[in-house]
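Take a moment to get your bearings before reading on.

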Amino acid sequence: MLHFADSLTFSGRKVVAAWAALPFPALSGSSLPDTLSAHQDVPWKLLSSWKEQKVSSCFAQSVVLRGICQEKATRYPLHSCESPEEVLQQYFHTQFPGAFSTSHVLQQPCHTQPPFPQFFSPLLTRRGFLQDKAQGFSSAGVESIPVLAALQSCPALLWLLSGLCRELRAPRARRCSSFFTAGVEQDDFQEALEEIKTLAQCYETGFGADGSEEDEDSD
């Protein structure tokens, strides 16, 4: 995972955010282009436990969609794409122009038989696709779901890292007294805070390519 994250980071960045649509909100019988076109914003949620910021840009991302079966040799209407991978690639180029994106499509869905948590809506079919009316069986009858997941290096990480710094600064630093009891030096603790602050600045959208200076007219 560390090497994978490294492949998505540059200009001093070291952190990526995890996102997922679980399940991927696809109507039963609908095509992938139709499903994507039905969402103005990317249909995933941030997995980190912090106040989510709307993500309208990113630097790099790797996206995997699984559980959407490949259709037979027909051309996709979205920009005349010929495969699900091309559909995703075109969609993310539109959503995040200029970002480095890789897209992968796997036919195998995510299996959700017990002991997988059964928290699904009754509007899902057994294969995890949306429908207009609830099925006669309970949500525990969902056997698999399509999933869209991504690792993303994006400006929203500025807020996550900056928030971490704020949580650790005095007077709240006393909450970390166990660190110092365990042998962490105060100087090392302050140095780590400065490193996190510097890392956070790397995610400002106006940050220079060499990671050394900030553009005053950042977006």
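What follows covers the peptide bonds, one backbone angle and the cysteines.

Please keep in mind that this is a predicted model.

**Backbone**

Most residues other than glycine have a negative phi, and most peptide bonds are trans. With that in mind, here are two peptide bonds worth a look.

| Cis peptide bond | Omega |
|---|---|
| Leu22 to Pro23 | about 5 degrees |
| Pro114 to Pro115 | near 15 degrees |

Where do the prolines of these bonds sit? Pro23 has its place in the loop that runs between strand 1 (17-21) and helix 2 (32-37). Pro115, in turn, belongs to the loop between strand 5 (110-111) and strand 6 (144-145).

Phi has its own entry here: Ser11 is not a glycine, yet its phi is positive, at about 55 degrees. You can find Ser11 in the loop between helix 1 (2-6) and strand 1.

**Cysteines**

How many disulfides does the structure hold? The count is zero. Take Cys154, which is in no disulfide: the nearest cysteine sulfur belongs to Cys58 and is 6.9 Å away.

Are Cys154 and Cys110 buried or exposed? Buried means under 20% relative accessible area. Cys154 has 1% relative accessibility, so Cys154 counts as buried. Cys110 is at 19% relative accessibility and therefore counts as buried too.

Notes:
Residues numbered from 1 in each chain as written. Predicted model: local features only at pLDDT ≥ 70, side-chain atom pairs only at ≥ 80, totals over all residues. Heavy atoms only, no water. Disulfide = S-S within 2.5 Å. Buried < 20%, exposed > 50% of the residue type's maximum accessible area, 1.4 Å probe, protein only. Helix = DSSP H or I, 4+ residues; strand = E, 2+ residues; numbered from the N terminus.
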